[in-house]
Amino acid sequence: MEPIVLKTNACRWDSVSLGEVMLRLDPGEGRVHTTRQFTVWEGGGEYNVARGLRRCFGLKTAVVTTFADNPVGRLVEDLILQGGVDTSLIRWVKYDGVGRTVRNGLNFTERGYGVRAAVGCSDRGHTAISQVKRGDFDWEAIFGPQNGSRWFHTGGIFAALSETTPDVAAEAMDTARKYGTIISFDLNYRESLWKAIGGKAKAQQVNRDLVRKVDLLLGNEEDFSAMLGVQLEGVTEDFDELPIASYEKMLRNVAAAYPNLKMVATTLRTAHTASRNAWGAMALYQDEIVHVPQREVDILDRVGGGDSFASGLIYGFLAGKTVEWAVQCGVAHGALAMTTPGDTSMTTLAEVERVMKGGSARIAR
């Protein structure tokens with residue numbers, strides 16, 4: 001495996017993400033089907049990485065997406081602006097008045113508690129971003145000398161939105177590579193997105209092609225199985241115990257199948273309850289395994305934990321840290337992100353570093 005080498009010329013952005021950003025409606029401690037009020041957040045698997053890199057780690061990031069130009073789209077834009085992510089690459093399309101042809105995505109999500117698991121119910125059919133096609137974004141202007149980005153991130157959620165979105169992802173990747181931009185991809189398998197368009201067979205067809213263009217590949221054990229057909233051996237259905245040797249074998253099998261990859265990383269999660277998980281990670285880099293053992297973490301809202309792992313890991317590389325530091329940063333950032341509501345990180349770099357050093361949760365005042 002070749003090392004990840006960042007380009008050194010000046011760039012407008014440290015990282016750019018491509019994906020859908022939805023309005024999340026959160027019933028708090030209640031249930032979606034019985035609540036009388038919601039708190040709103042913005043969220044999306046690819047966007048969450050850009051926001052974490054900006055809000056927690058202070059890097060310059062942008063999101064490439066599309067919204068229907070109506071008050072819901074403008075609300076999501078306002079939430080993105082509060083997170084500090086550059087909105088200049090957002091495309092706005094005319095709204096038809098009722099959403100027959102184009103709309104913005106909604107995501108109703110319960111946090112879960114104890115034996116009651118978290119639940120997501122997305123409402124994202126024919127959204128503006130799902131209708132994008134090759135040529136809709138000027139990737140030459142984004143990644144070329146006019147602007148430039150050191151890193152590009154997208155994933156399997158965006159690729160699952162329609163027949164055309166994988167082509168857009170491939171177009172972006174090809175241009176990013178042309179200009180020496182490192183490319184990361186989070187498999188992020190979502191059964192609800194694939195089941196009506198060919199299921200796992202279609203997911204594997206689409207993602208195998210895209211992964212051949214990637215430098216850093218992220219996913220959990222279900223992602224690698226469903227999206228690439230690489231199985232994890234020796235686990236039970238509830239993943240009560242995680243055989244570390246099997247995870248190492250899985251990562252090496254992925255790397256062997258895709259020799260273009262410079263790093264393969266996976267989170268290690270055992271969900272004892274919705275409120276308490278064992279959480280860690282493993283990565284394969286330059287043929288060596290980096291393992292951060294699981295530790296018990298208390299969960300307020302698990303959504304976005306994997307995205308925050310990704311942004312912490314990517315930050316480690318962008319900041320010039322060791323690979324061991326980067327993986328530890330990802331684990332700490334993911335753990336902290338799951339202690340607050342919403343999809344995105346509300347933590348600081350100082351808090352991440354404190355967790356990395358094994359700091360306690362004693363009050364700071």
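Axes here are lines fitted to C-alpha atoms, for helices over the stretch in contact. With that settled, I turn to the structure above, which is a predicted model.

I begin with a pair of helices. Two packed helices are described by the angle between their axes and the distance between the axes. In this model, helix α1, residues 45-55, packs against helix α10, residues 305-318, at an angle of about 50°. The axes of α1 and α10 are 8 Å apart. The two helices are therefore oblique to each other, and α1 passes α10 in a right-handed crossing.

Which residues make this contact? On the α1 side they are G45, N48, V49, G52 and L53; these meet D307, A310, S311, I314, Y315 and L318 in α10.

I now move to the aromatic residues. A search of the whole structure finds ten aromatic pairs. One of them joins W139 and F152. A pair of aromatic rings is described by the distance of the centres and the angle of the planes. For W139 and F152, the centres are 6.0 Å apart and the planes are at 65°. Planes over 60 degrees apart count as edge-to-face, and this pair is accordingly edge-to-face.

Where do the two residues lie? W139 belongs to helix α3, residues 139-143, and F152 to strand β9, residues 149-155, so the pair ties together parts that are 13 residues apart in sequence. Are they buried or exposed? W139 is buried, with a relative accessible area of 2%, and F152 is buried as well, at 0%.

Finally, ring pairs link W139 and F152 with F137 and F143 into a cluster.

Methods. Residues numbered from 1 in each chain as written. Predicted model: local features only at pLDDT ≥ 70, side-chain atom pairs only at ≥ 80, totals over all residues. Heavy atoms only, no water. Axes fitted to C-alpha atoms, helices over the stretch in contact; angles between N-to-C directions. Helix = DSSP H or I, 4+ residues; strand = E, 2+ residues; numbered from the N terminus. Parallel < 35°, antiparallel > 145°, perpendicular 65-115°, else oblique. Left-handed = near helix turned anticlockwise from the far one by under 90°. Contact = heavy atoms within 4.5 Å. Phe/Tyr/Trp six-rings, centres within 6.5 Å; stacked < 30°, edge-to-face > 60°. Buried < 20%, exposed > 50% of the residue type's maximum accessible area, 1.4 Å probe, protein only.
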